[in-house]
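Student: Can we go through this structure together? I'd like to start with the strands.

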Amino acid sequence: VPASDYESESAAISQGVVESNWAGYSGSGFVNYDNVVGSSVEYAVTAAQAGAHSLAFRFANGTTTDRPLSISANGGTPVTLSFPPTGAWTTWQTATTTLPLAAGTNKIRTVATTAVGGPNADKLSVAFSGPADTERP
Ligand code: GCU
């Protein structure tokens, strides 16, 4: 199943800014979350079918401290995902979690949980990861 990509700079940003001063991002830049609890990026994701989806966040963290985000789909129970140091702001890695999505549009909300804020966020890649539908012809 191919992944669909959603650039952070095109998402709904609260307490963050779009920047492009560190190389290696996709699209036109990345989001620099403000260094506060509660800074957030919300992605509008379209799913072809309901079920479990992998959410792969491409990010950089040039500090020595984890920048965990609380991640939820459509206001559901959040999961906390670690965004550990990547070694440099130009070194991009991926952090992945799995959440159930509905068919159609989903709001994926990512919120900084500590005073250091979130990582620099490049993009979100979404892919269906639910059980194979063996009934499908
Ligand atoms: C530096 C860096 C930013 C980063 C910020 C932070 O200012 O240039 O890209 O977002 O640190 O710590 O959040």
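Tutor: Strand β1 (residues 4-7) runs antiparallel to strand β11 (residues 120-128), and four bridges join them. Strands here are DSSP E runs of at least two residues, numbered from the N terminus, and two strands pair if DSSP finds at least two bridges between them. This is a predicted model: local features need pLDDT of at least 70, side-chain atom pairs count only at pLDDT 80 or more, and totals for chains, interfaces and linings use all residues. Residues are numbered from 1 along each chain as its sequence is written.

Student: Which residue in β11 does Ser4 stand opposite?

Tutor: Val126.

Student: And how many bridges join β6 to β11?

Tutor: Eight, with β6 (residues 51-60) antiparallel to β11. Within that pairing, Phe57 stands opposite Leu124.

Student: What about β4 and β11?

Tutor: Two bridges, again antiparallel, with β4 covering residues 30-33. Asn32 has Asn120 as its bridge partner in β11.

Student: Switching to the ligand. Which residues are around it?

Tutor: Both Asn32 and Asn120 are there, along with Glu19, Trp22, Asn35, Thr63, Trp89 and Gly117. The criterion is a C-beta atom, placed from the backbone, within 6 Å.

Student: How does that shell split by class?

Tutor: Two nonpolar, five polar and one charged. Asp, Glu, Lys and Arg count as charged; Ala, Val, Leu, Ile, Met, Phe, Trp, Tyr, Cys and Pro as nonpolar; the others, Gly among them, as polar.

Student: What is Phe59 in contact with, outside its sequence neighbours?

Tutor: Leaving aside neighbours within four places, Phe59 contacts Phe83, Trp92, Gln93, Ala95, Pro119, Asn120, Ala121 and Asp122. Contact means C-beta atoms, placed from the backbone, within 7 Å.

Definitions and conventions. Contact = placed C-beta atoms within 7 Å.
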